[in-house]
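Subject: Structure for you to look at

Hello,

Here is the structure I promised. Please open it alongside this note.

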Amino acid sequence: MKDRVYSTLTGAGALNITVGIISLATGLVTGILLIANGGKLLSRRDKI
């Protein structure tokens, strides 16, 4: 019984770490893209 609980908790912990890393990477990439796009808009604001 304890082995099943331990296995379940280990799997849940690994999944949480994986989802956290994916969320962190996605947030970082999204932030970089937003900053680059904002810089491009600011540099071309006189042409709008």
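A definition to start with: a patch is made of residues with over 30% relative accessible area and no salt bridge, joining like charges within 9 Å and nonpolar side chains (Val, Leu, Ile, Met, Phe, Trp, Tyr) within 5 Å. A salt bridge is a side-chain nitrogen of Lys or Arg within 4 Å of a carboxyl oxygen of Asp or Glu. Accessible areas come from the Shrake-Rupley method with a 1.4 Å probe, and for residues only the protein chains shown count as cover.

This is a predicted model: local features need pLDDT of at least 70, side-chain atom pairs count only at pLDDT 80 or more, and totals for chains, interfaces and linings use all residues. Numbering runs from 1 along each chain as its sequence is written, and side-chain values use heavy atoms, without hydrogens or water.

Now the findings.

The patch: Met-1, Val-5 and Leu-9 form a nonpolar one on the surface. Together they have about 370 Å² of accessible area. Met-1 lies in the segment before H1. Leu-9 sits in helix H1, residues 2-43. (Helices are DSSP runs of H or I, at least four residues; strands are runs of E, at least two; both are numbered from the N terminus.)

Met-1 counts as exposed because its relative accessibility is 76%. Leu-9 does too, at 59%. The cut-offs: buried is under 20% relative accessible area, exposed over 50%, partly exposed in between.

Of its 48 residues, 0% count as buried. The C-alpha trace spans about 70 × 10 × 5 Å along its principal axes. Leu-9 and Val-29 are 30 Å apart, C-alpha to C-alpha.

Best wishes

Note on methods: Buried means under 20% relative accessible area, exposed over 50%, partly exposed in between (1.4 Å probe, protein chains only).
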